[in-house]
Structures are given as structure tokens and as C-alpha cells.
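Here's a quick tour for anyone meeting this protein for the first time. Have a look at the model, then read on.

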Amino acid sequence: MPVSGPVPWDRPAHTGAKHDIYRRYLLRWFPILLGGENAFPSATYAEGFAGPGVYAGGEPGSPIIAMRALVEKVSDKPTVRFVLVDDDPRCVASLKTQFRKFFPDRPRSEATTKFTFVKGTCIEKLEASLDRVGAWGQPILAVLDSWGNAPVSARLLQRLAGNPSSEVIVTLGPQPFMRFVSQLGPAADEVFGGDSSWREIETMTDAAAKRQHLLTCYRATLADAGFRNLLDFELIDVRGESLYLVFATNHSRGVEKMKDSLWEVDPVFGVGFRDPRDEGQEALFELTHPHLEPLTRLLHRRISLAQADGVRVSELRDFALYETVFRPQHVIRALEPLRQRALIETDSPGPIRIASMVRDTASARSRTVTRRS
């Protein structure tokens with residue numbers, strides 16, 4: 001629904017950090033897909049909740065950030081479509097104006113940079129707009145920045161998952177679901193692909209468990225749509241308010257580049273990042289000097305579930321990349337405390353290496369006692 005209050009509005013702390021991640025990822029996404037020998041001839045950047053293009057303090061919105069990344073990294077040759085949807089007519093009008101203000105001298109030709117501004121809801125207009133501009137068959141990056149308050153159709157997610165080199169970035173704000181679960185109708189179920197199991201939070205008493213359940217349900221929605229690789233993390237502002245950012249792709253390189261973008265985010269925004277799977281619920285405020293105890297706990301749990309022979313560090317690096325908020329290069333550092341506390345053992349003395357095999361010490365002792373008895 002249209003924004004309640006003035007347009008533009010103040011930029012929340014979450015949004016500043018989130019947009020820095022977008023910027024860093026787009027600086028990678030555009031040249032990977034549109035540059036080099038295997039480049040696609042075109043790509044589409046789409047937003048279902050595009051906003052006014054600027055915030056009250058003058059900070060650029062995500063469509064402007066995307067255009068800047070394109071201009072910085074890609075020549076004028078490949079065609080790039082911008083499909084920008086918002087249901088507030090003030091936002092649509094402002095967005096057109098802001099593009100002219102931020103780019104007074106058109107940096108790319110009209111033939112290779114095509115803009116489509118649409119007034120309407122994401123669920124009603126975005127898929128039809130992508131059809132109309134001929135986006136399918138070429139890469140699409142869809143930013144569905146709704147804060148969880150508006151549904152995105154399961155059909156659209158399925159089509160994006162099956163489209164070549166296409167990816168989705170979704171923000172999911174758990175608070176509206178947690179506060180108003182009993183008041184939200186069938187449209188809220190559509191956020192989760194029509195599955196109402198998210199409503200189980202109504203019987204839960206722990207807030208962290210509620211948030212985790214919502215995220216698990218949404219991950220299932222994206223997996224059911226056909227996305228093989230999912231990366232999610234929790235942003236926490238100074239008030240402790242949470243916002244999930246969920247990234248879906250079918251390419252491991254996309255996960256790697258998004259993870260790189262996260263760990264390079266500017267700390268000036270004062271927002272913490274947390275792995276939603278960490279039972280300790282510790283925020284990672286120092287990205288340049290990361291606190292690795294959450295990863296240490298996650299790795300120990302993973303090792304304890306491994307087969308008798310243990311698990312290779314190379315596999316744990318893949319686990320970190322695809323199943324946690326951390327990077328593969330964090331793994332060996334995170335394993336060292338476990339070995340120092342004699343909670344794990346390696347197959348050889350000396351430094352832990354990528355090829356090393358690690359085992360849970362308690363499990364290994366238990367198996368030895370069982371064999372002797």
C-alpha cells in the first residue's frame with residue numbers, strides 16, 4: 001500500500017548497511033554477466049518496491065545505486081533494462097525526477113539503457129512488466145525490498161529461479177508477522193508461497209525462535225521455487241530491531257560474491273550482522289576483525305554430526321560458504337579454539353590445513369569404548 005507519511009522519508013540504519021551491500025554486489029554482478037567472452041547481450045535490474053529514489057537526507061535509493069554501479073563497471077554496449085515498480089504514485093514520480101537529477105548528462109544511450117516505471121503493486125505488476133519488456137531468457141536481478149509487508153507471488157519466484165543466471169534479493173522483516181499474526185489474512189500466507197505453517201509462531205513464547213521459524217519457512221519458499229543456493233543473514237540496528245536479508249541464486253559464484261560484499265560493508269552504518277543459525281545470538285559488529293565464536297559453535301555441531309572418519313576442512317569451508325554467514329577463509333581460524341580445548345582432533349599433527357580431516361573428540365572416544373565393550 002502507498003506510504004503513510006511524507007515522501008521521501010528518513011533512511012533507517014538497516015537501509016544504509018543494506019544498500020552498501022547492494023552497491024558492492026552490483027559492482028560485481030554487472031561486469032560478471034555483461035563483460036568478457038561469455039557475456040550475455042542484456043540483463044534486467046528489477047525492483048518490486050522501488051521507492052522514491054532518494055531519502056530525506058539526500059542519500060540515493062537502490063535504483064540510483066544500481067545505475068551508478070552499471071555506469072562504473074560496464075560499457076555502453078550491452079543492453080540493460082530497469083523495471084521499477086511502486087504502488088505509491090509519489091514514489092514513481094519522484095523516482096523519475098531523481099534519475100534526471102543524479103544523471104543530468106545521460107551516461108548511457110537510450111538504445112542500451114531502457115527504463116520502465118510502473119505504478120502498482122509488486123504482485124500485480126512486476127511479472128507482467130518483465131514480460132512486456134522481454135526480460136526473460138536473459139539474467140534478471142530482482143530486488144524485492146518489501147520488509148515483508150507485501151506478498152511476492154510464488155509463480156514469479158519460480159520463473160526467476162528457472163531463468164538463466166537470475167537471482168533474488170529479499171528483505172524480510174519479522175516484526176510485522178510476530179506482532180499481527182492473528183490479524184493477518186491469506187495474503188500473509190502468500191509471502192510464504194501459500195504455506196500457513198509460519199503461523200506456528202503464535203504458539204511460541206521465545207522471540208528468537210519465532211524469528212528463526214519465519215526465516216526457515218521463507219527459505220523453504222525459495223527452495224520450493226527452485227533456487228538451489230540460499231544465503232541469509234540478520235541485520236540488527238542499535239535498537240535491536242532485526243531485518244533478514246535473503247539472497248537466492250542457482251550459482252555458487254553468486255553466493256561467493258554476495259558473501260564478499262557482506263564482509264566488506266562499511267562499519268560506519270552501526271549495524272550488526274548475525275548468523276540466524278547461531279544459538280548464541282551474537283552479533284558480528286567488527287567485520288574487519290570478526291568474532292568467530294559463532295562459527296566455532298556451528299562447526300563443532302557440524303563435526304559432531306559427521307561420520308566416524310570425521311569431515312575434511314574443505315567440506316567445512318563449503319559448509320561455511322553455503323550454510324552460514326561466514327566466509328570459507330574463516331574456517332581454519334574458527335577450528336583452532338576447538339582443537340586447543342581438545343574438542344576436536346585432526347588426522348595429523350601440525351597446522352590445520354584445507355585437506356585435513358577433523359573429528360569430534362567425544363564422539364571418537366565413545367566409538368572406541370563401544371568397540372572395546
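Which helices each supply at least two residues of the lining of the second largest pocket? They are helix H1 (13-34) and helix H9 (252-263). Before the details, keep in mind that this is a predicted model, where local features need pLDDT of at least 70, side-chain atom pairs count only at pLDDT 80 or more, and totals for chains, interfaces and linings use all residues. Residues are numbered from 1 along each chain as its sequence is written, and side-chain values use heavy atoms, with hydrogens and water left out.

**The second largest pocket**

- On a 1 Å grid over the protein atoms alone, a pocket is an open set of points where a 1.4 Å probe fits, with protein on both sides within 12 Å along at least five of seven lines, and lining residues have an atom within 4 Å of a point.
- This one holds about 230 Å³ of space, a volume being the space filled by probe spheres set on the points.
- H1 is the top contributor to the lining, with 5 residues; helices here are DSSP runs (H or I) of at least four residues and strands are runs (E) of at least two, numbered from the N terminus.
- The lining includes Tyr 25, Trp 29, Ser 165, His 251 and Lys 257.
- By class, the lining splits into 4 nonpolar, 3 polar and 4 charged residues (Ala, Val, Leu, Ile, Met, Phe, Trp, Tyr, Cys and Pro count as nonpolar, Asp, Glu, Lys and Arg as charged, and the others, Gly among them, as polar).

**The sheet of 8 strands**

- This open sheet runs S3-S2-S1-S4-S5-S7-S6-S8, with mixed pairing (two strands pair if DSSP finds at least two bridges between them).
- Its edge strands, S3 (113-119) and S8 (272-274), each pair on one side only.
- Strands S1 (residues 42-47) and S4 (residues 140-144) run parallel, joined by 4 bridges, and Thr 44 sits opposite Ile 140 in S4.
- Helix H3 (residues 89-102) lies across S2 (79-86) and S3, at about 160° to S3; axes are lines fitted to C-alpha atoms, for helices over the stretch in contact, and angles run from 0 to 180 degrees between N-to-C directions.
- H9 lies across S5 (167-172), S6 (229-236), S7 (242-249) and S8, and runs at about 15° to S6.

**The sheet of 3 strands**

- Here the order is S9-S11-S10, with antiparallel pairing in an open sheet.
- S9 (311-312) and S10 (344-346) are at the edges with a single partner strand each, so one side of each has no neighbour in the sheet.
- S9 pairs with S11 (residues 357-360) over 2 bridges, and Arg 312 has Met 357 in S11 as its bridge partner.
- Helix H10 (residues 293-304) packs on this sheet, touching S9, S10 and S11 (contact means heavy atoms within 4.5 Å).

**Two packed helices**

- H10 and H12 (residues 331-340) pack at about 75°, with their axes 9 Å apart.
- H10 and H12 are therefore roughly perpendicular, a label for angles of 65 to 115 degrees.
- Residues in this contact include Leu 299 of H10 and Leu 335 of H12; by class it has 8 nonpolar, 2 polar and no charged residues.

- Most residues other than glycine have a negative phi, and most peptide bonds are trans.
- Ser 165 is not a glycine, yet has a positive phi of about 50°; Ser 165 lies in the loop between helix H5 (154-162) and S5.
- The peptide bond from Val 7 to Pro 8 is cis, with omega near 0°, and Pro 8 is in the segment before H1.

Conventions: Angles under 35 degrees count as roughly parallel, over 145 as roughly antiparallel, 65 to 115 as roughly perpendicular and the rest as oblique.
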